[in-house]
Amino acid sequence: MKSIVVAIKDFSIRINDRRAFMMMILMPIVLTIILGSALKGVMGDSSSAPKTIIALYQQDQHPLSKQFVQGVLENTQLKNSIVVKNVYSQKELNQFIHEKKADVGVVLPKNWGTQLANGKTEPVTIKVSDGKDFEANFVQQLTESYVKTTNAVTASAKMVLSDLASQGKSGKELKSIGAGLTNNLGKEAEANASFVYDKPVGKNQVSSLQYYAAAMAAMFLLFNAMVGGKSILSERANLTLSRMMISPTDRVSIMTGKFLGTFLYTMVQFLIFLGATHYIIQVNWGSNPGQIIMIAIAYSISVSGLSMIVAAFMKTEKTADSLGGMLVQVLSLLGGSMIPISVFPETLQKISKITPNSWALNSFTNIMSGTSWNSLIIPLCILIGIGIIATIIGSLRFRMISN
Amino acid sequence: MKAISVCLFEMKRTLSKPSAYILMLVMPIIFTLLFGSIFGNASSQTLTLAVVDKDKSHLSEALINRLHQDSTLKLKESNERTSNELLKNHKLDGVITIEQGFQEQLASSLSPKIYFQHQPGSPSTSMVKQSLNQEINRMKLQVIAAVEWSKSSKDIDWSSMFDKISKSEGQTNKYTTVVSANNQKKTLSGLSYSSAGFSIMFVMFMMMSVTGVIIEAKNTGVWSRLLTTSITKSELLLGYLLSFFLIGWVQFAILMVFSSIVFHVVWGNIVGLIVLISALLLCVVGLGLAIASMVKTTEQQTAIGSLIIVSTCMLGGVYWPLSVVPTIMQKIANFVPQSWAMKGFTNLIADGGALPDILQPVTILLAFAAVFLSFGLLRVRIQ
């Protein structure tokens, strides 16, 4: 069929353009490697502690303060994450923060320990170096958790003992009860038990790495919408398009051919990305490759359809660049490739349902967590539908402007 | 100077079509609307969670009450089926399930299991897990004390003592005070880096059009025709550079003004901003020119351009905070202009900094700009 010839022509132009071809293969692989290296520590579950250098200004020598420093901050378990540098004045601490010698400054005020023992709290000052919000949050959590636990121990013990005293227990009894209680509470506090466990949303837990792999796939495949559109525009500019139109090939075949060309290009890129992420950084794309391929095909159809709209509604390649680039970014954002959709306000969530990449991303993550073919029917229909509608709109517009 | 005439010529050409300057005005506005509505409202900073209570005991209720008091969470009480539905449809960030036997196990000094389901891409879920764990830890200590009390007390109902203990332990006291390097009070928000990141991405995409214009000029012959005049190649490049710089500035200015009026975004110190944005624009335009000097066809330009934009944004900490990546990656990030631009922006927006605080990122951005521009210039001279 003539459209296949057109598609093959487009594809061979792209392949013969050595640089562009290399980029086509290189881009998914490079993105994969960066993704894998960046999110290595975030695999499975994001509970890794960030590397933090703390400048500690300890104004208090109470045993509770010392316990915080030695038992929590300098704990051997956290040795790989936290490094404590002691400073001896506020000025020195400020200097450390400004010169970036430390990420976070911690000031334990005078009488901190004594106040803590009495169930009161004197706030600890946490000074954050530029851009170290994450590390500061981590230190804040450690500090608050220590304070809350110590408070719990001292306050409970106090309450219990004072109540028993008012019930008439003798001093000796109180002493032994108190000792036993403090012993038990202390043991429990040290044990630092875990109560909260992750449970997957579907059948399998989807890690951050998997999520971002799917998100990146959805996003960079959208770029192909621009590529396909631009090739049509450049042909129009080169007048090769008009030459094709006056040939015996009818317009429909040409358009179909262009459509198929973009489709092929998109599928190839996706398959390379799939292979690269799976084999190089061990991303698990779910147990059903058939489902993944089907969604990929449907998504490629919608992307190719979008490329027709790009070509039809933009006049020059230049506009396609700026507008198209912006469109891709906006669509990626709306589709959840950058921030999870659950963060969006209600109206934006509804708008995100129009974007093909949100359907692709959701389907990919659903497949990763294990899902049935039934639940994929709606996304498949929507993706193919978007592709068809976009193509129709694009072709109609083409006809309008050509006449 | 001749460069200025080239610049004016290019700008006149761009602005001659009404579609062009409508685009120029509309793009930043749409961009702002989008990001403003996501980041503008404070509720985007809180996580919406559902809690499923299968134990329905005194203690599980107490836990839920305590969670309600956490201002970073928006809690809904629900049943298993509804919450699973909501989670699947992205209406919730997570679901906490308290299994049956929670109270019993805590009272016997055991460790009951609480299950947490969450959306895979969510950045703050580990914090939620930690604080949840912490709260239950605290509760267990209080329960142990109450149970011990009941052993020695006349009244053997430990739950009344537990309530007394809970009440006595002050409400949310200030355990910590967080300040920035400038001693300004600050709140640690996970999403503050994103708003800076998106402004940068907006700029990066303008770069794509930069390369496009030059390639178009070369292909249509405008480039060579201009070179037959007495203008030198460097002056020609400079002229184009100037026009991109000005157009870029206009768009960014619109973005800033619009976002501050409509979404009350505080951009920070004006002088610092002007310097930072100029440095960033120079750097990005320089990169665009460098790429334009390397590619011949539009396909190459799209491919290389998008590859560079996406990979440098990934490396530079635009999509996720650099704090979660391994040290080597953090070091690599220093070789990418985005990370420096991010540092500059977050300093101005979130930390209330001024020009002296951002001298380092600005200098580095200018250095990047110089490198890119010289590269582009050299290549153009050779051709």
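Predicted model: local features only at pLDDT ≥ 70, side-chain atom pairs only at ≥ 80, totals over all residues.
Residues are numbered from 1 along each chain as its sequence is written, and chains are lettered from A in the order in which they are written. Local features need pLDDT of at least 70 and side-chain atom pairs count only at pLDDT 80 or more, while totals for chains, interfaces and linings use all residues.

**View 1. The contact between chain A and chain B.** Chain B places 97 residues in contact with 106 residues of chain A; contact here means C-beta atoms, placed from the backbone, within 7 Å. Helix H6 (residues 125–152) of chain B supplies the largest share of chain B's side, 20 residues. Helices (H or I, at least four residues) and strands (E, at least two) are DSSP runs, numbered from the N terminus. The side of chain B that touches chain A has 43 nonpolar, 38 polar and 16 charged residues. In this division Ala, Val, Leu, Ile, Met, Phe, Trp, Tyr, Cys and Pro count as nonpolar, Asp, Glu, Lys and Arg as charged, and the others, Gly among them, as polar.

**View 2. Helix H6 of chain A beside helix H6 of chain B.** The axes of H6(A), residues 133–166, and H6(B) come within 9 Å and cross at roughly 10°. H6(A) is therefore roughly parallel to H6(B), a term for angles under 35 degrees. Axes are lines fitted to C-alpha atoms, for helices over the stretch in contact, and angles run from 0 to 180 degrees between N-to-C directions. The residues making the contact include Ser145(A), Ala152(A) and Val160(A) of H6(A) and Gln134(B), Leu141(B) and Trp149(B) of H6(B). By class, the contact has nine nonpolar, eleven polar and four charged residues.

View 3. Five strands stand in the order E5(A)-E4(B)-E3(B)-E1(B)-E2(B), with mixed pairing; two strands pair if DSSP finds at least two bridges between them. Strand E5 (196–198) of chain A and strand E2 (73–78) of chain B stand at the edges with a single partner strand each, so one side of each has no neighbour in the sheet. Neighbouring strands are turned by 25° against each other on average, direction ignored. Strand E1 (residues 47–53) of chain B pairs with E2(B) in the parallel sense over six bridges, and Leu47(B) has Leu73(B) as its bridge partner. H6(B) lies across E5(A), E1(B), E3(B) and E4(B), running at about 165° to E4(B).

View 4. Five of the five residues of E3(A), residues 104–108, are buried, so the strand is largely enclosed by the rest of the structure. A buried residue has 20 or more other C-beta atoms, placed from the backbone, within 10 Å of its own. Val104(A), Val106(A) and Leu108(A) are on one side of the strand, with Gly105(A) and Val107(A) on the other. Strand E1 (residues 52–58) of chain A pairs with E3(A) in the parallel sense over five bridges, and Leu56(A) stands opposite Val106(A). E3(A) and E4(A) pair in the antiparallel sense over four bridges, with Val104(A) opposite Val128(A).

**View 5. Helix H8 of chain A.** H8(A), residues 208–237, should span 44 Å at 1.5 Å a residue, and its end C-alpha atoms are 44 Å apart, which agrees. The expected span is 1.5 Å times one less than the number of residues. Of the 30 residues of H8(A), 26 are buried. Leu239(A), which follows the helix, has a positive phi, near 65°.

Key
Buried ≥ 20, exposed ≤ 12 C-beta atoms within 10 Å, placed from the backbone. Contact = placed C-beta atoms within 7 Å. Parallel < 35°, antiparallel > 145°, perpendicular 65-115°, else oblique.
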